[in-house]
Amino acid sequence: MNPSTDHPVVLAAVDVSKVFPGTVALDKASFEVRSGAVNVLVGENGAGKSTLMKILAGVEQPTSGQLLLDGKPIRFPTPRDAAGHGIGIIYQELNLCPNLSVAENIFIGAPLLRYRIDIDGRRQAERAAELMRRLEQAIDPQTLVGDLRIGQQQIVEIAKALAEDVRILIMDEPTSALSSVEVEILFRVIRELKAAGVAIIYISHRLDEIMVIGDYITVMRDGRVQARAAVADISIPWIVGQMVGAMAAVAAAPDSHADAPPVLVAENIALASAKGGFTVDHVSLTVRAGEVVGIYGLMGAGRSELFECLMGLQPDATGSLMLAGKSLDGQSTAQRIKNGLAMVPEDRQSAGLIGPLSVAQNLTLSSLWRFVRRFALDMPREKKAVHDIIGSLNIKVSTPDVEITALSGGNQQKVVIGKSLLTEPKAILLDEPGRGIDVGAKAEVFRTMRRLGEAGLAVVFATSDLHEVMAVADRIVVMASGTITADFPRAAATEDALVLASHPRTAAAAGGS
Amino acid sequence: MLLLMKLRTVIALIAVFAFFGITAPNFLTIGSLLIVGKHVAINAYLAIGMTFVILTAGIDLSVGSIVGLCGIVAGGLLDAGLRISPLHLTIYPNVVETILITLVVGALVGVFNGVLVTKLRVAPFIATLGTLYIARGAALLISDGQTFPNLVGRPELGNTGFPFLGSGTIAGVPFSIVALVAFAALAAYVAARTPFGRQVYAVGGNERAALVSGVRIDRIKIIVYTISGLCAAFAGLVVASELVASHPASGETFELNAIAAAVLGGTSLAGGRGSVGGTIIGAFVIGVLSDGLVMLGVSSFWQMVIKGSVIIAAVVLDQLQGQMQRKMALQAQIG
């Protein structure tokens, strides 16, 4: 494969810098986008990937340096100008209107009109249905986006970009909410686009995916381009080495806790689905002290809903829950937290963080009762607890009084975890704790989870990432269609067996020990 | 620069004081400042309660009507007594009892608002709009549209002393101003230093995250509307006491002044941002502005235009500050 002839450069950033007052976000970064290829961009959070993409999409203007489109200098003063030149972008955060239908969302930027006056709803629905077929999704174009799961919403976001004819498509972590089946479909679409000569810019933290789908890779670190290579010539350890400078991994041998006392005993937890059937279908789960249990499953397997039932966030849930020998049945979320159950929710932005509050105020929100003296908060004691947890979780923050939104994703996640730890829980539930955070922070989060297990907590985490669950858990439970389909000690688990058990149709045949 | 933006309400307050101090010769005298203070106090009571409600991303449009209703309740109790029809008996509660009953009425209206907003899931704007009409209607029904003209009380009934709230002084300072200082200090302490206060901010900042963090959302919301109702009841008492009469139309549009003070003081209608201190300053800016303009002889029509412009300017500055902060947050994230 000869890069310059097979895949000509369509768009290039040459020595682009972006300076915000006080910080250099991009330092003379050069990046070439080749057509008919997947151009991968990797780097830890804060390495400058997003800033570079925003410049390519016309959202931000470079402080110095220039962009070349087909070899000619060009400027994109607004996102419209970039779109006009065939540059599409799928943002990491979903930019959908939950109150509008799938079809309306897909065509929100450029509605299909009848006589250039009113919106041609029928044609939009047809086109949307076509796109859904192409993405192999059984989603009715008239469904409200708000009724879709996050993974399906991401599919809609992808359809939105495909609806317009793009020459260059930027995908910022498109797979972070997708199941492995959905990822396969996305990869097939990417290959089709490549064959049609579209240049794909692909940003992801999932390195194994990059090895599968990528053609060229650019590694960024601290606002600079650290390395460039053809994906065929490199390996995952090479990428990690370029990104963080050193290998970061969780090295832990699984422990057996068969003799430890059970801490969390859930029996017959069930949650009826609005569409009939059960979202959580009479699940029973026992977690012992010191045990780290990974719940592996696809999107929609019912993992998050199970956690919500356990936390008392689903008023219609049935079943019984014992924590350290005490029944939590009928208790509110607040009471359960006080009794020693904690949760780190899946969606950090919408359920984990309180935007206007400071890092310190976020950290102590769940455990304010610990700092009360008479009616008021004991500020020095609160401050000390905040200081200690920032230290022990290695949260990078200049002062605990800055707003939480100023932190990077990884540090925000550590704050959410710190918030639950300050309640001094006996059991902690973590829903996708590694989602959307960089490799370094991920390793720290997983090490923290192992440490909590060693300290005697019952730790349960849900994930759709096979490597995560294989690397961190003592015991792996697989969920599909609301039920537990397999339960392995890690030593006995194989990736094949987990995948088999996680698919609703094959799960019945798979079983487990 | 950001600091200047953050202090803008204080700067605005100093500016209006300086302006009227120079242009209106009698403005900076103790006498006129105390009058301004008494005017500000009424709005500030309401605005303090309103601040708690707005911090939870709610709104309370009913406070003006609660002022009217509570004035009528107090006036009725003092003037006509509590008639127990089946027994053909009329009880005249003393002033302390009257005040307590009135405060309870205000608090109950607040609880009603809170229950509508939480248990029945009515949007705060609509719920309190409905209460605005109901409470005003109740005031008119109780008084049959009439004024209770004499709230001085009668010695033989043992219910004298009510005018103290509005015109009494403690060490030369009007009682209503002393009450304002006490109220503001207590509210600021509750907002900044108690678990309840912190949870109020959390509910407005991100309700879902607050719920997941173990905050009892419904309880917090019912309490803030109750606080707002209580504050309005107190304002109603002071208004009736100042006039030594209560009129069912009293307090109309007071809710708008209270919202204006809170917003001017930096409270975000989206919830989660703001402070009691800011609101007090906001109430003073509005109060000083209206009284100063009166002293300068500016027509009341122009006063409305000026007041409106100041409120809009405050919100525009608020947006600018938000943008600056987001920019700085972005920088921090990249760094």
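Chain A is divided into domain 1 (3–244), domain 2 (248–340 + 425–513) and domain 3 (348–424). The domain bounds come from an automatic or database domain assignment. Between the centres of domain 1 and domain 3 of chain A, taken over C-alpha atoms, lie 34 Å.

This is a predicted model; local features need pLDDT of at least 70, side-chain atom pairs count only at pLDDT 80 or more, and totals for chains, interfaces and linings use all residues. Residues are numbered from 1 along each chain as its sequence is written, while chains are lettered from A and ligands numbered from 1 in the order in which they are written.

**Confidence**

- The model has an ipTM of 0.87 and a pTM of 0.78.
- Chain B has a mean pLDDT of 91, and 96% of its residues reach 70 or more. Here pLDDT is the predictor's confidence in each residue, from 0 to 100.
- Where pLDDT is low, the predicted coordinates should not be read in detail.

**Helix α14 of chain A**

- Helices (H or I, at least four residues) and strands (E, at least two) are DSSP runs, numbered from the N terminus.
- Helix α14 of chain A covers residues 379–392, 14 residues in total. From first C-alpha to last it reaches 20 Å, close to the 20 Å expected at 1.5 Å a residue. That expected span is 1.5 Å times one less than the number of residues.
- Four residues of α14(A) are buried: A:E382, A:V386, A:I389 and A:I390. They cover an arc of only 105° around the axis, so they sit on the same side of α14(A). The arc is that of the directions from the helix axis to the C-beta atoms.
- An α-helix has 3.6 residues a turn, so residues three or four places apart point the same way.
- The other side of α14(A) holds the exposed residues A:P380, A:K384, A:D388 and A:G391.
- A residue is buried if 20 or more other C-beta atoms lie within 10 Å of its own, exposed if 12 or fewer, and partly exposed in between; C-beta atoms are placed from the backbone.
- The buried residues of α14(A) pack against α13 (359–364), β20 (376–377) and α15 (409–421) of chain A.

**Where chains A and B meet**

- The contact takes 37 residues from chain A and 26 residues from chain B. Two residues are in contact if their C-beta atoms, placed from the backbone, lie within 7 Å.
- On the side of chain B that touches chain A, α9 (195–205), α10 (207–212) and α14 (300–334) of chain B each supply at least two residues. The largest share, six residues, comes from α14(B).
- That side of chain B has twelve nonpolar, nine polar and five charged residues. Ala, Val, Leu, Ile, Met, Phe, Trp, Tyr, Cys and Pro count as nonpolar, Asp, Glu, Lys and Arg as charged, and the others, Gly among them, as polar.

**Residues to find**

- A:N394 is in the loop between α14 and α15 of chain A. Its phi is positive, about 55°, although A:N394 is not a glycine. A:N394 counts as exposed because it has 12 C-beta neighbours inside 10 Å.
- B:R121 lies in the loop between α5 (95–118) and α6 (124–143) of chain B. B:R121 is not a glycine either, and its phi is positive, near 55°. With 8 C-beta neighbours inside 10 Å, B:R121 counts as exposed.
- B:F183 lies in helix α8 (residues 175–193) of chain B. B:F183 is partly exposed, with 19 other C-beta atoms within 10 Å. Leaving aside neighbours within four places in sequence, B:F183 is in contact with B:Y45 and B:I48.
- B:F183 and B:A44 are 139 residues apart in sequence, and 9.3 Å apart in space, C-alpha to C-alpha.
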